[in-house]
Amino acid sequence: MIDPPNIDARSFVAAQDFILSVKTHWTTKLYTQLDQNAPIEKIKQTVDYQFFAWLERHLQRYKYSGRYGIHNFQNQFREEIIENFSDNDLLILNKELNLPNYYTAVDIHQHPGGLWSDDIAGTVYERGARSTTPLGAANHQDLHHRLTTIATSQYKPEKILDMACGFGKSTQPFYNAFPDANVIGIDLSAPCLKLAAYVAKQNQIKNVNYHQANAEKTPFKNEEFNLITSTMLLHELPPESIKAVFAEAHRILAPGGKMTHLDFYLVPTEFGRFIHSGHSKRNNEPFMEPFIKMDIKQILENQGFKNISIEPFEESEGTLASDYKPWRFPWTVILAEKTI
Ligand SMILES: C[S@@+](CC[C@H](N)C(=O)[O-])C[C@H]1O[C@@H](n2cnc3c(N)ncnc32)[C@H](O)[C@@H]1O
């Protein structure tokens, strides 16, 4: 086997910055050049669309893999990463946990080995997530804070569960906003959880714990939580698993408790669905399409949830305005309550 090339930080950052600037061009110039009113079969034949689709697939591949990819760069620091993220009393891992097939079968986001199979997957994903939405890269933080505000408006939860917390970015605004609350983040990915717990420990956070668990079947008692939240979990699950997650949330929510999921769900136009379906294929996220076809309101009603609301979500200032043209994810916030 050939040793991976030693990549210095300057070259790596330059390559990643280059990818981000091409992605910005893709998001703004290339996307807005597509004729949204033309028949889909016609759009598919245009050079603009072919180039748009090719770049979407290959920018993502180049970001993670190859000589200047995140995986190759961080692989040089493997031992340090493993050592830094070893002992942590905020973290409970479960070596016996059975990872579902939908999770292990695909290299999600084109991340080599997915989020679970490699010790460095947490830091690789953290670096990759910084450029997922190029226009939001500068204020990506904003998105998670906006959700926290919506989820807790006129509400002070005492016990909060962040389902599929990843490396902890979606959990942070909750533990910071509610220092007296007990906050728990769960995820399937041990490497991501280790990074989340490391960050919390470094910042001397006392009110958070991270557990390795499946959101479909958690180790928690009935009615333990006042607020359950997830960000970008549902679109990664097959429909039966989405239903299982809602049922599990209903079981562990206390009466009067609230549930908030931020995800990619409301896609109003045919053009929007075409682009979203293409993204799903090009980014290795096979369940995006079945998710948007599900009748989530009906499913939640059947499971006993009340006061359900499903609305577009403004991930940063102005993105829901009618004159906003660049590509964006169809951000949607799903709110529901378990009434007394
Ligand atoms: C797109 S990431 C979002 C992470 C985080 N919520 C954020 O906003 O940065 C989706 C996360 O869902 C996790 N995940 C997928 N299926 C899961 C399941 N059944 N139970 C728990 N976590 C799951 C993945 O490991 C990954 O960390």
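With which residue does K258 form a salt bridge? In this predicted model, the partner of K258 is E337, and the closest N and O atoms are 3.2 Å apart. The pair links distant parts of the chain, with K258 in strand 6 (residues 253-264) and E337 in strand 8, 79 residues apart. E337 is partly exposed, its relative accessible area being 22%.

The structure holds 15 salt bridges. Among them is the one between the side chains of D89 and K201, with an N to O distance of 2.7 Å. D89 lies in the loop between helix 5 (78-84) and strand 1 (91-92), whereas K201 belongs to helix 10 (residues 190-202), 112 residues apart. D89 counts as exposed at 59% relative accessibility, while K201 is partly exposed at 40%. A further salt bridge joins E314 and R146, with the closest N and O atoms 3.5 Å apart. E314 is in the loop between strand 7 (306-312) and strand 8 (331-337) and R146 is in helix 8 (residues 140-151), so this pair ties together parts 168 residues apart in sequence. E314 is partly exposed, with a relative accessible area of 29%.

Oxygen atoms of the ligand lie 2.9 Å from a polar side-chain atom of H144 and 2.6 Å from one of D187. The protein buries 98% of the 600 Å² that the ligand exposes when taken alone.

Definitions and conventions: Residues numbered from 1 in each chain as written. Predicted model: local features only at pLDDT ≥ 70, side-chain atom pairs only at ≥ 80, totals over all residues. Heavy atoms only, no water. Polar contact = N/O pair within 3.5 Å; in protein donor to acceptor, adjacent residues only side chain to side chain. Areas by Shrake-Rupley, 256 points an atom, 1.4 Å probe, with all protein chains shown as cover. Salt bridge = Lys/Arg side-chain N within 4 Å of Asp/Glu carboxyl O. Helix = DSSP H or I, 4+ residues; strand = E, 2+ residues; numbered from the N terminus. Buried < 20%, exposed > 50% of the residue type's maximum accessible area, 1.4 Å probe, protein only.
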